[in-house]
Amino acid sequence: MIRRFALALLLLVPLAGVFSAADEPAKLTDKNYVQTRDYLLPKGDEEDWVKVEWRTTLWDGVIDAQNEDKPIMLFAMNGHPFGCT
Amino acid sequence: MIARQSVWSDETVQKLLKDFVPCADEVWRLYNRPDPDCKFFQGFCDEGGMLNGQGMDKTTTRQGTYCCTPSGKFLGSANSRQPMVIAKLLRDSLKKWKALKKEDRLLDYDPADKVKDIDRAESHYPKNGMVLKVNSRDMPREGLNENDWRTNAWNFDFAWFNKDEVESMLPKKFEKNAEWDLPDALVQRVARLHLLDNVRGQTSIFPKDAVKAAAVKCKVEKIKKGVVYFDMTGEVKLEEGNRGLDASILGKGEYSVKDRKFTRFELVVVGDRWGSTRYNAREDDTAKAPIGYCLQIASDKPTDKVAPASFWEYGW
């Protein structure tokens with residue numbers, strides 16, 4: 001596991017150089033903490049969908065659509081689409 | 001999960017949505033519960049009848065994209081990750097909307113009056129507590145296809161903590177080098193409900209007896225201008241049948257003594273996962289492989305106020 005994890009981390013461009021040689025034990029450390037965190041967080045266009053003025057429940061949408069005289073578009077998934085789905 | 005990025009990030013779709021009130025919701029509850037919002041959905045969801053294939057019955061998922069009027073009239077539906085399919089749905093639905101008379105488009109009562117009759121997890125949002133957004137992603141490894149969406153998949157969930165739980169995370173005394181453990185019950189809850197292999201899609205939680213280890217130790221690094229800066233270290237080991245997680249934890253926290261709240265609470269979890277569940281798209285990827293999680297305080301935006309996927313397990 002250790003060797004594979006080291007290799008995996010070395011494939012991360014932002015993490016390159018942070019970890020020691022692949023034959024040394026690699027683990028989450030204070031030194032690679034920030035780079036690992038930033039890799040895990042959304043980046044680039046991964047969160048472009050939040051540019052839409054979403055209501056996060058159908059009924060919030062019904063209330064606003066009634067007030068604004070607009071049609072409703074509902075995106076419905078197993079698991080809330082803006083949580084774990 | 002993919003539609004979040006493939007459809008709703010599309011510029012054409014985003015422009016078309018200006019003529020709509022866009023909303024998102026969890027479909028199982030809408031299709032199965034008796035609350036007013038659920039009855040509203042059940043009134044139109046099966047019109048068209050072909051959303052998820054022929055022969056829809058009670059067990060067929062109603063996942064998809066629907067257009068309707070505030071009065072509950074069906075305008076159209078589709079279940080697609082293709083932006084152009086959804087763009088066509090929006091255009092066609094808008095055309096139908098414009099052909100309707102106002103009295104047919106709108107309800108003859110104020111829907112706000114029904115809010116009190118709607119029971120949903122979001123009403124338990126811990127506004128005086130803390131919410132962590134739990135991001136999950138595979139760590140890079142050899143042999144994956146960069147053109148496969150699964151290679152770069154990212155998912156998230158929310159972990160909630162009420163006011164009492166947040167207070168239980170604090171040490172008895174704030175002083176440099178003070179050490180304490182986060183409460184076992186909370187760490188175990190985070191581990192088995194949120195450190196899941198949901199990178200590619202929903203999965204089931206771990207039962208309580210799957211927790212072989214789950215601990216987070218805290219140590220104050222410094223105290224400056226009323227803010228307590230502390231580090232966190234820990235581990236988690238989960239095993240159930242053919243699946244599991246073996247990971248280490250590091251974290252950083254900042255607690256404002258004056259405001260009596262965490263201004264930073266961040267955990268990074270990296271280790272090996274293995275196995276698969278029915279819907280998490282790991283059927284061809286069951287061997288041990290690296291996975292990572294980053295937990296951070298969520299924003300106040302509505303999209304960050306969605307309930308934890310397994311809220312029913314909280315017992316609140």
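The model is predicted, so local features need pLDDT of at least 70 and side-chain atom pairs count only at pLDDT 80 or more, whereas totals for chains, interfaces and linings use all residues. Residues are numbered from 1 along each chain as its sequence is written, chains are lettered from A and ligands numbered from 1 in the order in which they are written, and side-chain values use heavy atoms, with hydrogens and water left out.

**Exercise 1. Describe the interface of chain A and chain B.**

Step 1. Begin with contacts, defined by heavy atoms within 4.5 Å. In these terms, 58 residues of chain A meet 91 residues of chain B.

Step 2. Turn to buried area, the accessible area (1.4 Å probe) that two parts lose on being put together, summed over both. The two chains bury about 6800 Å² between them, and 65% of it lies on carbon and sulfur atoms. On the side of chain A, the residues that lose the most area to chain B are A:Leu40, A:Trp59 and A:Met73, together 12% of what that side buries.

Step 3. Look for charged pairs. A salt bridge requires a side-chain nitrogen of Lys or Arg within 4 Å of a carboxyl oxygen of Asp or Glu. Four salt bridges cross the interface. In the pair formed by B:Lys133 and A:Glu47, the closest N and O atoms are 3.2 Å apart.

Step 4. Assign the surface of chain A to its elements. Helices (H or I, at least four residues) and strands (E, at least two) are DSSP runs, numbered from the N terminus. Helix 1 (2–10), helix 2, helix 3 (58–68) and strand 1 (72–77) of chain A each supply at least two residues of the side that touches chain B. Helix 3 of chain A gives the largest share, nine residues.

**Exercise 2. Which residues of helix 2 of chain A are buried, and why are they on the same side?**

Step 1. Apply the classes: buried means under 20% relative accessible area, exposed over 50%, and partly exposed in between (1.4 Å probe, protein chains only). In helix 2 (residues 33–40) of chain A, the buried residues are A:Tyr33, A:Thr36, A:Arg37, A:Tyr39 and A:Leu40.

Step 2. Consider the arc, taken from the directions from the helix axis to the C-beta atoms. These residues cover an arc of only 160° around the axis, and therefore lie on the same side of helix 2 of chain A. An α-helix has 3.6 residues a turn, so residues three or four places apart point the same way.

Step 3. Identify the partners. The buried residues of this helix pack against strands of chain B, among them strand 4 (130–138) and strand 5 (154–161).

**Exercise 3. Where does B:Cys23 lie, and is B:Cys23 buried or exposed?**

Step 1. B:Cys23 belongs to strand 1 (residues 21–26) of chain B.

Step 2. Its relative accessible area is 0%, so B:Cys23 is buried.

Step 3. Leaving aside neighbours within four places in sequence, B:Cys23 has contacts that include A:Trp54, A:Leu58, A:Met73 and A:Phe75.

**Exercise 4. Which parts of chain B do the salt bridges B:Asp304 to B:Lys133 and B:Arg141 to B:Asp285 connect?**

Step 1. B:Asp304 and B:Lys133 meet at 3.7 Å, N to O. B:Asp304 lies in the segment after strand 11 of chain B and B:Lys133 in strand 4 of chain B, so the pair ties together parts 171 residues apart in sequence.

Step 2. B:Asp304 is buried at 8% relative accessibility, and B:Lys133 is buried at 10%.

Step 3. B:Arg141 and B:Asp285 meet at 2.6 Å, N to O. B:Arg141 lies in the loop between strand 4 and strand 5 of chain B and B:Asp285 in the loop between strand 10 and strand 11 of chain B, so this pair ties together parts 144 residues apart in sequence. Both B:Arg141 and B:Asp285 are buried.
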